[in-house]
Each structure stands twice: as structure tokens, then as C-alpha cells.
Amino acid sequence: MKGSMVLCGVGGMGILKASEVIAEMLIAQGLFVRQSEVHGMAQRGGTVITHLRFGEEAYSPLLMRGEAEYMIAFESMEALRYTPYLKLGATVVVNSFCLHPPGVNSHRYPTNIPETLQQAGFQVTVIPATEKSLKLGDVRVANMVLLGAFSRIFPIGNKEDWENAIHKTFSGEVLELNLSAFREGRA
Amino acid sequence: MEMHRAEKRIMLGNEAFARGAYEGGVEVAAGYPGTPSTEILQFLSHYREVHSRWSPNEKVAFEVASGAAIGGKRALATMKHVGLNVASDALMTLVYTGINAGFVFIVADDPSMHSSQNEQDSRNYAFFAKVPALEPANSAEALLFTRLAFQLSEEFDLPVMVRSTTRVSHSRGVVIPGVRETHPVRPYRKAAEKYVMIPAFARKSRVVLQEKLKMLQEWVEETPLNRIEIRDTSLGVITGGVLYDYLREVLPSLSVLKLGVGYPLPRKKIEAFAEKVEKLVVLEEIDPVWEREIKSWGIPVRGKEIFPEIGEITPDTIVERLSPEKKREYIDLSTYLPPRPPVLCAGCPHRGIFTILRELEATVCGDIGCYTLGTLPPLSAMDTCLCMGASISLAEGIKLAHQELPVVAVLGDSTFVHAGIPPLIDAVYNKTPIVVLVLDNGTTAMTGGQDHPGTGKTLLGEETVRLDFVALAQAIGVPFVARLDAYHLAHIRETLQKALAARIPAFLIVEGLCQLKKKERAVPLTVEDQWCLLCGLCNTLGCPALLKEEEMVHITPERCAGCGVCAQVCPFCAMREVEVR
């Protein structure tokens with residue numbers, strides 16, 4: 001069993017935490033994981049991408065273009081930006097949330113993003129993750145809502161495996177909130 | 001944090017470096033934050049058996065750690081590639097004196113400059129200083145190699161470099177943590193011939209160093225860190241670091257000589273490998289360091305004629321250059337997207353000051369830190385940014401060339417402590433009439449918010465003496481010193497004008513806590529449409545909370561930090577606090 005995925009969005013959206021949970025879940029299944037992430041300058045509201053590879057063997061933390069079978073996009077437009085990493089026909093889970101880049105006239109922001117992705121042949125699931133997280137009282141858990149939705153599509157790991165991984169990644173007060181966000185997304 | 005069970009864990013490269021140092025029995029660790037190296041020391045500070053500390057700069061960190069090793073405790077220094085420039089003065093001679101207990105320094109390079117001002121290749125320092133250098137490929141090796149580096153250091157009585165890159169430091173991989181070695185503190189003996197590098201002793205030490213290198217040469221031929229893997233012999237690749245992992249992934253059938261030691265090179269092993277394969281290439285990032293050395297032995301090898309010499313090499317590059325038929329098909333929907341570069345945060349205390357400097361048409365010598373995010377339009381905040389602390393000295397030079405220009409140096413609090421004090425002394429000593437602005441946001445912001453001498457807290461969270469910038473400037477003898485509030489634009493403007501008009505060295509400390517450090521959020525603002533005449537002035541602030549639509553300016557309430565800078569800039573008083581119901 002092997003595969004790869006990308007997680008993308010905007011700095012500060014909890015992309016690293018979400019990829020940590022995925023990695024923990026996969027490790028618990030006895031798989032190897034390699035993952036690369038962006039720190040430093042890119043966290044100041046810039047575009048962010050994480051690559052993740054898993055399997056009985058996993059060497060390169062970076063993917064090749066045309067390789068990833070899955071994408072989780074935390075912001076709509078960023079899904080388009082990283083399509084070159086996707087395999088033809090890959091599965092895309094995209095947050096319906098749109099965040100306009102500062103200083104850019106709003107009419108430059110693309111419209112009909114899910115349709116564009118579908119027309120290009122990707123399997124698209126749109127999740128109102130940010131809306132749902134606001135209902136839960138904290139926009140920061142939109143990442144777990146998305147992960148919950150992704151966990152239904154992704155062939156590895158059952159509900160318990162995912163929740164165990166969340167337990168490993170969070171502790172204290174935020175743990176419960178993250179678990180409910182995950183369940184909300186998975187429902 | 002003790003872990004006794006051999007348990008598989010996933011670790012960030014930098015966490016694995018810290019773990020390796022911990023297991024290797026490190027007792028003292030020092031560094032200065034710098035992407036991609038910062039987290040090493042932060043992770044290490046969680047191990048309370050280790051004395052970890054931030055130093056004002058890499059030279060101090062390197063010397064404190066060297067001293068601890070000379071004193072008899074295993075010690076570590078961490079830094080990014082450009083930090084090694086600062087520490088290099090100590091390094092170049094420490095290889096002469098040698099150490100006592102193990103001394104290791106980890107230096108993290110940044111090919112493609114994800115978060116750096118250049119992409120220098122630290123392996124050059126290994127060759128230059130004659131210091132053994134290890135090249136881990138991933139988290140597991142980061143742990144193992146760092147641990148081993150301490151033994152190696154003691155075995156050869158030399159400092160040892162462990163070289164990382166962004167993709168090693170900031171990627172996760174599986175590791176199996178072990179237990180910590182403990183070593184009694186070695187006795188310290190006064191040994192002037194060994195540790196005092198006056199010419200007479202240094203000449204002897206130079207010869208000793210040569211003997212150590214000869215022994216090291218035998219070791220590199222034997223060590224399993226340099227590993228030959230024979231598969232398809234039509235092409236053999238000599239590589240190291242994360243590039244090995246890329247190659248193993250995308251072209252697993254090739255024969256490889258994996259160099260775990262980047263300096264010195266195992267000449268015999270390389271010759272033996274060259275014999276076994278039909279064609280030989282060197283796959284290395286940035287400079288052709290190994291290629292040059294191998295070519296100098298007369299071995300036919302290709303490297304930079306195939307692979308790029310600029311920027312990082314990715315799995316895509318490797319496939320493209322060695323086996324283009326393996327390229328995959330993909331669809332690119334990114335072509336017409338607007339870019340999303342990093343920007344100063346909403347509420348950032350630097351925004352107001354840059355607006356005023358632009359208005360005064362000052363020549364602004366910037367420095368290394370978050371404020372470089374104000375370089376691009378609309379803030380267009382800077383004329384120069386070279387290296388840590390250079391804002392003040394470059395400003396002095398520009399003033400010497402053009403007396404008529406209003407020249408201002410702008411640097412952060414952490415950068416000022418790092419390398420800004422000697423040039424400030426210079427400006428006073430030589431009476432250069434420049435204005436130095438220290439933007440004091442109470443942290444080392446760009447690297448994620450680390451403490452420094454100006455914050456009054458140590459890496460371990462202890463309270464300590466807080467460096468008083470005003471008292472320091474007064475002690476240096478700066479004739480014009482003022483303390484300002486970063487969010488009070490009128491006062492800043494007035495003081496700045498006075499300082500420029502005075503034609504004497506001036507030191508203004510502009511205080512405003514980093515937005516990411518603020519515990520409470522102020523009330524967000526809103527634009528009252530009936531007052532807004534769409535003049536666009538607020539949009540020249542480059543604030544991510546301000547959005548210009550076709551017929552209106554809009555403030556995103558979730559992003560607005562309520563700093564009030566836009567309200568101070570708006571000539572029509574259209575910004576108001578959102579009414580709290």
C-alpha cells in the first residue's frame with residue numbers, strides 16, 4: 001500500500017496540524033511516512049503547501065508533479081494553484097471558503113472553482129468547513145472539519161484510528177473541540 | 001521526556017536533530033534563531049537536563065558552546081547558513097585548538113531561499129575550515145548523525161559540522177528514539193599551547209590539524225555513513241543529504257554512492273565506485289563542491305552540466321535531467337491566479353512607521369526581519385537589505401556619499417542586539433547624521449517569536465535582566481534619543497522630522513508588541529460608506545484586512561486587529577470602531 005497527497009491553503013489555517021494528524025494515523029497503521037512543510041516567511045498569510053507520502057517504504061518528502069492522489073484544499077483558490085501536483089483524476093476535498101489575497105482587486109479572484117476542477121477531471125467534494133467551524137465557535141478547527149470529510153473518502157483508517165491520531169496530536173481543552181469538529185466533518 | 005521503549009515516532013527533522021543531541025549527551029546548547037534551523041534549540045529546551053540558551057548572535061552562541069566543550073561538557077551550537085558567516089571567525093581557529101569534550105554545530109542551508117537572503121552552500125565552509133561535516137538525509141539520520149557527531153568530535157579532537165537543508169529540517173520522517181548517553185564532565189586543565197593561538201603555538205597546531213585530517217581520511221574510507229549501493233551499473237550517482245531520498249524514490253534502480261560525510265571525501269571509495277559503473281554523475285544542491293574535488297583527482301564525472309547550480313533540486317528536476325520519459329502528465333489550473341505573497345500581519349506595529357517614511361521620502365536602509373515583508377508595493381518600504389545589522393552601517397555609507405539625503409536605518413529589536421550595536425557606536429564616534437529606528441516588537445518575530453536580551457526572558461522561560469535600549473543608546477552617547485509608540489503616527493512623524501532636521505546621529509525606539517504576541521484583540525474597525533470617498537490612501541497600507549472592491553473599501557472583521565492605523569491615515573475619518581452590541 002502506498003500513496004501521496006498534498007494539503008494546501010493559506011498560512012495560519014492549521015494545515016500543519018492537519019497533516020500531523022494524517023501522519024500519526026498512517027504511522028499507527030504500520031506505514032512509513034515522509035512529509036514536507038513550509039515554515040518561516042510563508043506563514044505570514046502567504047500560500048502554503050504540505051506534501052505527504054506514505055507506504056511500506058517512503059523516501060522523498062517532496063512529490064513530483066502529476067503524482068498526488070489526494071488534495072485537501074483549505075482555501076478554494078489555493079486548490080487551483082497546486083493542481084500540477086495532482087495525478088489525473090485525483091480526489092480533491094476543498095473548503096468552500098474564499099480568502100481574497102490582500103492588495104489584489106477582488107474581481108481577479110476566480111469564480112466557479114469546484115466546477116473548474118470537475119471539468120479538469122478531478123473528483124471534487126466541497127465542504128463548508130469554515131462555516132461549520134464558526135458554528136462550533138472557533139474558526140481554527142475548520143482544519144478538523146475538512147479532515148473529517150476527508151476521512152470518509154480516504155481508504156485507510158476507521159473512525160477510531162483517526163480519533164486516536166487526534167488524541168496524539170492535541171491535548172487539554174482543545175482536544176474535545178477538535179474531536180467534535182472532526183466528527184462534524186465526518187458526519 | 002525520557003523514552004526507554006524503542007517506539008516508532010514521526011519527527012520533524014529539527015526535532016530529530018534535538019533528539020540526537022540529547023541522546024548524544026549534550027549538556028550545553030546555544031544558538032540564534034534563523035529559518036530553517038530555529039526549532040532545533042526550541043525542541044532541545046524541552047529536555048531539562050540540557051542547558052539551552054538563545055545567544056545575541058551566532059558568534060556568541062558558537063563561542064559559548066566551544067567554551068563549554070573546552071571546559072569538558074559536550075556542547076552544541078545551532079544556526080542557519082548565514083549565521084555561520086557570523087560564527088566563522090571562531091570556527092576557523094577552533095579547528096586549530098581542537099576541543100576537549102565533543103563539540104558539534106548544526107548549520108541549516110536554504111537552497112532556493114525560501115526564507116533567506118542568499119543560498120550559500122555551507123559545505124564550502126567544511127572545505128575552507130577543514131572541519132568534518134556530516135550530511136543527514138532525513139529525520140532518522142538527523143538523529144543518528146548528530147548523536148554520532150559527538151563521538152567523532154571527541155575521537156579526533158575537532159569540532160564537527162552537521163549540515164542540514166530546509167527539506168531535511170522541515171520534513172517529517174519516522175525515527176526510533178533511543179536513550180541518552182551520559183558522560184562525566186571531563187577535567188579542565190590549563191594548556192596554553194593547545195588553547196592560546198599566538199603565532200608560535202598556532203604554527204604547531206596547524207601541523208597537528210594536518211595529522212588529524214590524515215587520520216580522518218582513513219576513517220571516512222571505513223565508515224558506513226558513506227555507502228555504496230550497486231544496482232543498475234549503467235549509471236552511478238554520487239549524492240548525499242535529502243537528494244539521496246529523492247533519488248531513491250524516483251529512480252530506485254540506479255547505483256548510488258551515498259555520502260554521509262560531506263568532508264573530507266572518501267577518495268578510495270569514490271574511485272572504487274567509479275570503477276563499478278559505466279557513467280558517473282554527482283548530484284548535489286547549490287555549488288559543485290564535490291564535483292570539483294572529484295574532478296581534481298582526474299576521475300571523469302559530470303555534475304552541474306546536467307543539474308542546475310541555482311536553487312533547490314527536486315524529484316522533478318532529477319527525473320527531468322536523468323530520465324525524462326518518467327515524467328508524469330498533469331493539469332495546471334494555476335496560470336491566471338493572483339499571487340499570494342506573505343505580508344505584514346493585520347495590526348503589525350511596523351505598518352505605520354513605513355507609511356510615514358514613505359511620506360517623508362526617506363532613504364530607508366532596512367535589515368533582516370519581518371519588516372522585509374514591507375519591501376514590495378504598496379508600502380515600498382526599503383532601499384536596502386543586506387545582512388544582519390547592516391542597516392545602520394549602510395545608512396552611514398549612503399549618508400557619506402549623499403549628505404543631502406534624509407537617510408534612516410530601520411531594524412528590529414532582536415536584529416539590533418545581534419549586530420546593530422557596533423555600527424551605532426560607529427555612527428556616534430564618527431558623527432554620521434543618520435536616524436536609527438529600532439522597531440521594538442518585543443520578540444524575534446520572523447522566526448516565530450523567540451526571546452532575546454531585550455525581552456527580559458531566557459529560552460527556558462526564566463526572568464532575566466532586560467536590556468534597556470534607551471539607556472544603552474545614552475551610554476553610547478547618541479545625542480538624540482527618543483522612545484515612541486508604534487501606533488501614534490502623528491508623534492512619530494513629528495519626532496522623525498525633528499531628528500532629521502537636527503543633523504546629528506539619532507536613535508528612536510518605536511515600541512509596539514508583535515501582533516502574534518498580543519493576548520487580546522482590539523475592537524475591529526469598519527468603513528462608513530457615506531464618508532469614504534474611495535481616495536485609496538488606506539489601500540497604500542498593504543493591510544490584509546482591507547479589501548478594495550469595485551465601488552467600496554471593506555474591512556474584513558475577522559482579520560482586522562483594530563490597530564487603528566488606517567483610521568489615522570484616512571483623511572475623511574471614515575474608519576470607525578465596530579459598535580459592540
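Start with how α4(A) and α5(A) sit against each other: they are oblique. Here, angles under 35 degrees count as roughly parallel, over 145 as roughly antiparallel, 65 to 115 as roughly perpendicular, and the rest as oblique. Select residues 129-136 of chain A for helix α4 and residues 142-153 of chain A for helix α5. Their axes come within 8 Å and cross at roughly 120 degrees. Axes are lines fitted to C-alpha atoms, for helices over the stretch in contact, and angles run from 0 to 180 degrees between N-to-C directions. Helices (H or I, at least four residues) and strands (E, at least two) are DSSP runs, numbered from the N terminus.

This is a predicted model: local features need pLDDT of at least 70, side-chain atom pairs count only at pLDDT 80 or more, and totals for chains, interfaces and linings use all residues. Residues are numbered from 1 along each chain as its sequence is written, chains are lettered from A and ligands numbered from 1 in the order in which they are written, and side-chain values use heavy atoms, with hydrogens and water left out.

**Stay on α4(A) and α5(A)**

α4(A) passes α5(A) in a right-handed crossing. A crossing is left-handed if the near helix is turned anticlockwise from the far one by less than a right angle, and right-handed if clockwise. Show side chains for A:A129, A:T130, A:K132, A:S133 and A:L136 on α4(A). On α5(A), pick A:A142, A:V145 and A:L146. These residues make the contact (heavy atoms within 4.5 Å). By class they are 5 nonpolar, 2 polar and 1 charged. Ala, Val, Leu, Ile, Met, Phe, Trp, Tyr, Cys and Pro count as nonpolar, Asp, Glu, Lys and Arg as charged, and the others, Gly among them, as polar.

Now select residues 173-186 of chain A, helix α7. The axes of α5(A) and α7(A) are 6 Å apart, at an angle of about 45 degrees. That makes this pair oblique too. α5(A) passes α7(A) in a right-handed crossing. From α5(A), the contact includes A:N143, A:M144 and A:R152. From α7(A), it includes A:N178, A:F182 and A:R186. The classes here are 6 nonpolar, 5 polar and 2 charged.

**Zoom out to chain A**

Chain A holds 7 helices and 6 strands. Its radius of gyration is 16 Å, close to the 16 Å that the globule rule gives for 187 residues, so chain A is as compact as a globular protein of that length. The radius is taken over C-alpha atoms, and the rule is 2.2 Å times the number of residues to the power 0.38. The C-alpha trace spans about 45 × 40 × 35 Å along its principal axes.

**Move to chain B**

Colour by domain: 9-222, 227-327, 351-517 and 525-577 are domains 1 to 4. Domain bounds come from an automatic or database domain assignment. The C-alpha centres of domain 1 and domain 4 of chain B lie 50 Å apart.

Next, select helix α16 (413-429) and helix α17 (469-476) of chain B. They pack at about 20 degrees, axes 10 Å apart. They are therefore roughly parallel. Among the α16(B) residues in contact are B:F416, B:I421 and B:L424. B:F469, B:L472 and B:I476 meet them from α17(B). The contact has 9 nonpolar, no polar and 1 charged residues.

Most residues other than glycine have a negative phi, and most peptide bonds are trans. Go to B:T35 and B:P36: their peptide bond is cis, omega near 10 degrees. B:P36 is in the loop between β2 (28-31) and α2 (39-44) of chain B. The bond from B:P377 to B:P378 is cis, with omega near 10 degrees. Finish at B:S112, with a positive phi of about 75 degrees. B:S112 lies in the loop between β5 (103-109) and α5 (123-129) of chain B.
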